[in-house]
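Colleague: I am new to this structure. Please show me how to read its contacts.
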2 protein chains.
Amino acid sequence: MPSSVRYSGCMVAESRPRRRTGGRSAVVLTSIRKAVEELIAERGSEGVTIPMVAERARVNHSSIYRRWGDARTMINDLATYRLDPDRGLPDTGDLRADLTAWTQELISHYSIPVNAALLRGGAAAAGESESDCLRDRQAEAAGFAARPGSTFTGDEVIDRVVAPIIYRAIFLPWTLPEVDARTYVDELCHRSA
Amino acid sequence: MPSSVRYSGCMVAESRPRRRTGGRSAVVLTSIRKAVEELIAERGSEGVTIPMVAERARVNHSSIYRRWGDARTMINDLATYRLDPDRGLPDTGDLRADLTAWTQELISHYSIPVNAALLRGGAAAAGESESDCLRDRQAEAAGFAARPGSTFTGDEVIDRVVAPIIYRAIFLPWTLPEVDARTYVDELCHRSA
DNA sequence: ACTATAACGCACAGAACTTGGCATTAAGCC
DNA sequence: GGCTTAATGCCAAGTTCTGTGCGTTATAGT
């Protein structure tokens, strides 16, 4: 979990300065995350400023500036790890069923307004450098494509399953709860079957 | 072209105060548009401020504040009309060929970094209110679905053609020039053939 | 429990952004 | 051409954001 946190700019290789991730820091982080998610749901991904977050989180703004530097980086970082990359993927042996479950998980996740708003913030920061809040999702897609019995590529999972969901989450959020996971997965599998 | 321009807030119905769209105003608008596109390509959709645009466009910043109010609104407005809605769609009688041409047009358009960056800015502002910089694209998709001989719905055009392109334009821009318009269109048509 | 120091809070200064009043220019319409 | 007034330019606060030095707190490791 490197994220794009700045903090102590130790670039000399000698024994990294062992970060402090527990206790107070964890409380502060949780508090900030909550504030960001509330604000982003209220005001959209832009329009969220660091002083604003600091006030709601009851944290000093300098803590936020030191940790992320700017609002864009902060939002993108929080958006990236909103869906735990270590949560474990469905793996029952039935690839199509697993893929359908995963797809449904995506749909449910982005149907929640907060997550969709965070995604929009990530979209705004995408394209430049290493900021891609969907990289975990893309890795998961590639993982499914690599499983035995797969008849599709990772790119096809992106195009046929991930893209429609993300597109709707961003631009047509009210249509997302209506879409059917199975439809997407069936087409993905049919194509090459 | 209602856009979300503010200007004279005349809400009483009596004869609207006839806007001035030509001459100097047009020059100013063109200059602003150019500046926004340059800046957004350089610095991303966020990180573009109104004073910044004003300076590069050699326009007074108060003119921009009065016209749009804030950077988000401005960017979304400019992004919406980047692809002229009145440009005319291909219509040779061969639906599949027309659709392929349109798809290729989309791919080419969003392969240009400026347009992709504007799209990201639009994505950031999406979801709230009436701001959707892709509404024209969605209308065009529905138009194709409504043509005689069509075997698909507008939603299917969105899911199978538009979504993959937009997804890649936003999150995987370097992969966009590689995608093939025909592949998307073929799958859209095959499905229900 | 003890030590070193990562991370935080506080305060202040400098920069940047917003906003409105007022004067000037010129687009739209006879 | 002459009139009305939309739109711009200029300026001057007022507000908010950004960034840094310094002292304090309490986490990670022994």
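Modeller: A residue is near a strand if one of its heavy atoms lies within 4 Å of it. Of the 28 residues around DNA strand C, those that come nearest are A:Tyr7, A:Arg20, A:Arg66, B:Thr49 and B:Tyr65. Of the atoms of DNA strand C within 4 Å of the protein, 64% belong to sugar and phosphate.

Colleague: What should I know about the model and its numbering?

Modeller: This is a predicted model: local features need pLDDT of at least 70, side-chain atom pairs count only at pLDDT 80 or more, and totals for chains, interfaces and linings use all residues. Residues are numbered from 1 along each chain as its sequence is written, chains are lettered from A and ligands numbered from 1 in the order written, and side-chain values use heavy atoms, without hydrogens and water.

Colleague: How far is the side chain of A:Arg67 from a phosphate oxygen of DNA strand C?

Modeller: An N or O atom of that A:Arg67 side chain is 2.9 Å from the phosphate oxygen.

Colleague: How do I read the size of an interface?

Modeller: It is often given as the accessible area lost when the parts come together. Buried area here uses a 1.4 Å probe and is summed over both parts. Chain A and chain B bury about 3,100 Å², 53% of it on carbon and sulfur atoms. In chain A, A:Glu46, A:Tyr167 and A:Phe171 lose the most area to chain B, together 24% of what that side buries.

Colleague: How many salt bridges are there between chain A and chain B?

Modeller: A salt bridge is a side-chain nitrogen of Lys or Arg within 4 Å of a carboxyl oxygen of Asp or Glu. The two chains have six between them. B:Asp159 forms one with A:Arg168, with the closest N and O atoms 3.0 Å apart.

Key:
Buried area = accessible area lost by both parts, 1.4 Å probe. Polar contact = N/O pair within 3.5 Å; in protein donor to acceptor, adjacent residues only side chain to side chain.
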